[in-house]
Amino acid sequence: MFNIEDFDIKLDTKNLGRNFIYSEEIPSTNSFLLNNLEDFNHGTTILSEFQQEGKGRLNRPWFSNKGQNLTFSILLAKNINRYNPNHISLAASLAVSYAIENLFQLKTNLKWPNDVLINNKKVSGILLESSSQGSEITKIVIGIGINVNQTKFIGDFKLQPTSVKFELKKEIQRERLLSEILNVFENLIRDPKECSKKVLNDWRDKCRMIGEPVSITIGDEKKYGIFYDLDANGFLILKSGDKIEKITSGDVSIR
Ligand code: BTN
């Protein structure tokens with residue numbers, strides 16, 4: 001059982017997680033914040049012990065055992081049009097990565113666009129969704145799934161999953177990890193300009209694939225080349241021969 005007091009006592013934010021909603025079971029924490037007509041405060045965070053219809057990137061499902069992991073979403077509703085949503089999504093993966101490193105001295109790295117890896121296995125994934133009115137984004141919902149204390153993963157995975165417990169061989173306090181992620185994330189996105197610069201630089205430092213030959217699967221299509229860089233929007237620049245191409249979504253693997 002998630003102990004809200006243990007979480008709250010380590011929370012050091014102004015907004016993120018200050019309005020905290022705890023749920024035993026829900027279709028999806030992202031859908032809850034996106035579709036709810038209630039005007040939740042900026043920073044509202046909902047955690048659910050189980051999602052019946054957890055959503056992953058590229059219309060995939062996100063499965064997570066009940067009560068063992070962290071599946072939560074954060075609502076951003078203030079000043080969001082000053083941010084590039086891609087930078088927010090990269091910042092969320094950095095926040096998870098730094099929080100795990102700060103608390104558990106585990107080395108993590110990042111896989112484009114926003115997977116967090118330990119020993120080349122996936123420990124966390126992020127799904128950013130937003131709603132707009134005309135050209136204005138009215139809310140951004142950042143959904144984060146982290147394998148924390150689950151150690152058995154059944155199914156066919158594109159990338160082998162792992163968990164913090166599996167890597168560290170000990171039970172993890174989920175409350176402390178969640179507060180650390182929100183603390184780090186709020187700091188990273190405090191200022192839109194600083195956020196863009198820092199996030200792109202830090203993200204590059206944590207991605208082992210930059211400069212490597214990769215294959216990218218986009219639906220039924222496969223592309224090959226060198227993962228040349230991230231562009232200013234956080235898209236992947238693929239170089240093959242003289243050809244430079246911008247990739248906006250897909251699954252990347254080292255060749
Ligand atoms: C991925 O495919 O890697 C992204 C997974 C994102 C899962 C999280 S769990 C909390 C939030 N609610 C959802 O339905 N999805 C995200």
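Mentor: The residues of the shell around the ligand fall into five nonpolar, 11 polar and four charged, where Ala, Val, Leu, Ile, Met, Phe, Trp, Tyr, Cys and Pro count as nonpolar, Asp, Glu, Lys and Arg as charged, and the others, Gly among them, as polar. This is a predicted model, in which local features need pLDDT of at least 70 and side-chain atom pairs count only at pLDDT 80 or more, while totals for chains, interfaces and linings use all residues. Residues are numbered from 1 along each chain as its sequence is written.

The ligand is surrounded by 20 residues, and the closest are S28, G56, G125, G143 and G145; a residue is near a molecule if its C-beta atom, placed from the backbone, lies within 6 Å of it. Two or more residues of this shell come from each of helix 2 (29–35), strand 3 (70–76), strand 6 (121–133) and strand 7 (136–146), where helices (H or I, at least four residues) and strands (E, at least two) are DSSP runs, numbered from the N terminus.

If we follow strand 3 onward, the loop between strand 3 and helix 3 holds N79, whose phi is near 55°, a positive value in a residue other than glycine. Most residues other than glycine have a negative phi. N79 counts as exposed because it has 10 C-beta neighbours inside 10 Å, and a residue is called buried if 20 or more other C-beta atoms lie within 10 Å of its own, exposed if 12 or fewer, and partly exposed in between, with C-beta atoms placed from the backbone.
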